[in-house]
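Hi,

Here is the structure I promised to pass on. Please have a look at it first, and my notes follow just below.

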Amino acid sequence: MAPQLCLGTAQFGLPYGITNDSGQVPESEVRSILSLAAQAGIQLLDTAQGYGSSEAVLGRCWPFAAPRRLISKLSAQNEFNTWELSFQASLRRLAASSLDAFLLHRSADLTGSNGDLLLTWMESLRSRGLVKRIGVSIYDASELDALPLDRLQLVQLPLSIYDQRLLLDGTVARLRRAGVIVHARSIFLQGLLLQAPEQWPSFLSPPFQCHHRRLISFLAQRNLTLLDAALIFARSCEGLEAALIGVLSVEEMYEVLQSWQQPHTAEFGSLKEWAWENATDLDPRFWPTG
């Protein structure tokens, strides 16, 4: 079964994304995006305490009558007495009585000095009916080694037609065997995957740019777009419950929905051949800031 779409909302609360030249999405545009998403049946919405005003914007702008399943994330925390206060503040901003999932933005918090206490508190959110699922957001497989996967229900991880590392190394399959739900984020690689290489920042390697040009040429011969390729890959990944997408306008939301719903029949070949292995090109933690 293909994963469902989950709307990422970082750009609703701050100027998120290396390809984002337009800044934070205006609230009027957010309302239009959310209305279209709701009409298309999208219920999963991903946000975080660290996404600026995203939670508050979602609380104000989601079409009231439409069902929604909210996912938020706890900002990196050191003081245990702030967890409950920050969670309750998230509920108020989101105008929600409960969340579908609550994740740790930094998985290392579970292995720190307050890790056991933190996990026990998160489990209490489930027992109190405030959260359906708890989990973590990760960047690489090594983060899972010290985590109690038997006590987590959801892991969010990066995955795209270029960044297939956690699929090919068996991490996605490992999580599913452990009964953990998997959500893929960064399927557009912060928008880079949808741009021409001439628009890419200079710190991305020349071989990676050549790789991208080859994909563009390959797609042109099959009357497919880069957006089609990103979504064809996401739909092909077994074991995912959801694939996160981010948009800056209602036009982009419409284009995503149109491509997602299109039964692409062109011969694509092996998706594995488009995997890129250079982590410095794929992982935003290696990208220069400022």
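This is a predicted model: local features need pLDDT of at least 70, side-chain atom pairs count only at pLDDT 80 or more; totals for chains, interfaces and linings use all residues.

Let me start with Asn223, which is found in the loop between α7 (206-220) and α8; helices (H or I, at least four residues) and strands (E, at least two) are DSSP runs, numbered from the N terminus. Asn223 is exposed, with a relative accessible area of 72%. Here exposed means over 50% relative accessible area, buried under 20%, and partly exposed in between (1.4 Å probe, protein chains only).

Residues are numbered from 1 along each chain as its sequence is written, and side-chain values use heavy atoms, leaving out hydrogens and water.

Next, Asp281, in helix α10 (residues 279-282). Asp281 is buried without a salt bridge, and the nearest side chain of opposite charge, Arg165, is 10 Å away. A salt bridge needs a side-chain nitrogen of Lys or Arg within 4 Å of a carboxyl oxygen of Asp or Glu; as for charge, Lys and Arg count as positive and Asp and Glu as negative, with His and the chain ends not counted. What does the side chain of Asp281 make polar contacts with? Its partners include the side chains of Ser205 (2.7 Å) and Trp276 (3.0 Å). A polar contact is a pair of N or O atoms within 3.5 Å; within protein, one must be able to donate a hydrogen and the other to accept it, and residues adjacent in sequence count only if both atoms are side-chain atoms.

On to the rings: a search of the whole structure finds nine aromatic pairs. Rings of Phe, Tyr and Trp (its six-membered ring) pair if their centres lie within 6.5 Å, and planes under 30 degrees apart are stacked, over 60 edge-to-face, the rest tilted. One of the pairs is Trp200 with Phe208, tilted at 4.9 Å centre to centre and 45° between the planes; both residues are buried. Phe203 and Trp287 also form a tilted pair, with 5.9 Å between centres and 45° between the planes. Phe203 is partly exposed at 30% relative accessibility, whereas Trp287 is buried at 7%.

Happy browsing!
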